[in-house]
Amino acid sequence: MKLKQRVVLLAILLVIFIFTKVFLIDNLDSSAANREDQRAFHRMIAGLRVELASKLDHTLQSPWEIAAQWVVPREVYPDETPELGAIMHAMATKKIIKADVGYKGTQLKALLILEGGQKVVFKPKRYNRDYVVEGEPYAGYDRHNAEVAAFHLDRILGFRRAPLVVGRFVNLRTEIKPVATEQLLSTFLTVGNNTCFYGKCYYCRETEPACADGDMMEGSVTLWLPDVWPLQKHRHPWGRTYREGKLARWEYDESYCDAVKKTSPYDSGPRLLDIIDTAVFDYLIGNADRHHYESFQDDEGASMLILLDNAKSFGNPSLDERSILAPLYQCCIIRVSTWNRLNYLKNGVLKSALKSAMAHDPISPVLSDPHLDAVDQRLLSVLATVKQCTDQFGMDTVLVEDRMPLSHL
């Protein structure tokens, strides 16, 4: 082989060597950066199926004490929860010692106190699983099963910001009426052979009661957060105006996110990233009705955005993707951990994970297959939106480390 040919061959081999080394280093760096998130994801998948068990063998604490100790500023429950099945079993079976009308709001609910003093919110069944609500995305009643499904999606996404929810059957005649307050009892009536109640709320009407099947009513119970963690309500920066014909600024100003980033608590800390996580969460469940949100009081923007009231979901097909995902579209940033988790869940993994997580719930099947398929399809839309952002601005700008301050953006 001639000298010139040898030099060319060596040069080609050197280039290949350099590119291979760079690729391997990048791959190793990426693997090292994502390794813990992958481990957390696989732990979650392995522990998805929560069997409702009655015993807490390793502790003398009550299930309510354990759940209360879990709550910290950035999560409602920890990554690993061996006691979760026992707590949810208690929520689904413990004796009801008092029943009252629900806290203020637009939707029918009841406030129950279970044996041991634990408060839970009961939302009754209003629709069959496959019923489609026509009209605006926020039309219709709350779906009790949507609360259950949303809690398990919160687990799967690794957010851990939704209070614990489980399905429950209650006998209105024997379990509720004997311990009901006069205010709640006055809203009971009989329709045909079914016991019904309409409660007290902004939209509660005697003409629109929730009815049991005979005396047995299906519903969901949501664990009340500990009183030592009082909540503060916030106007969502991407909320609607509630005025006919009047648009919110985000609906016409494509640079709206820049203004949000200059406003407390979105100018630093985790709150804006929480808003974007929540937009993804709401789009996956089909919730277009989060126009306020809650955090813990006096948190100076440090606490999580708590995923409360997720029941206006899994029922209305007329979703405006750009409206629900507006924070993601306009800010074009997302947590690295959220992006990794979403990628792990594609190709049918999300549907399978949700089915597995909800398999042991007392009201299983929680969702119909068309709803599960819709969640998988919406995931693809979220991934496509992030890809549009990364194509336009680059991965380093769009993918934000979880704790990174946002003042630089």
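1. Among contacts (heavy atoms within 4.5 Å) between residues at least 6 apart in sequence, 72% link residues at least 24 apart. Bear in mind that this is a predicted model: local features need pLDDT of at least 70, side-chain atom pairs count only at pLDDT 80 or more, and totals for chains, interfaces and linings use all residues. Residues are numbered from 1 along each chain as its sequence is written, and side-chain values use heavy atoms, with hydrogens and water left out.

2. On the overall make-up, the protein has 14 helices and 12 strands. These are DSSP runs numbered from the N terminus (helices: H or I, at least four residues; strands: E, at least two). Of its 409 residues, 51% are buried, meaning under 20% relative accessible area with a 1.4 Å probe, protein chains only.

3. Now the largest nonpolar core, with 111 residues. Such a core is a set of buried Ala, Val, Leu, Ile, Met, Phe, Trp, Tyr and Cys residues joined through side-chain atoms within 4.5 Å. Helix H8 (residues 271–285) supplies the largest share, 9 residues. Domain 1 (69–223) and domain 2 (228–400) both contribute, so the core lies between them; the domain bounds come from an automatic or database assignment.

4. Ile 156 is among the core residues that touch the most other members. Beyond its neighbours within four places in sequence, its contacts include Met 44, Leu 48, Arg 341 and Leu 345.

5. Finally, an open antiparallel sheet runs in the order S5-S6-S7. S5 (188–191) and S7 (210–211) are the edge strands. Strands count as paired if DSSP finds at least two bridges between them; S5 and S6 (residues 194–197) have 4, with Phe 188 partnering Phe 197.

Technical notes
Buried < 20%, exposed > 50% of the residue type's maximum accessible area, 1.4 Å probe, protein only.
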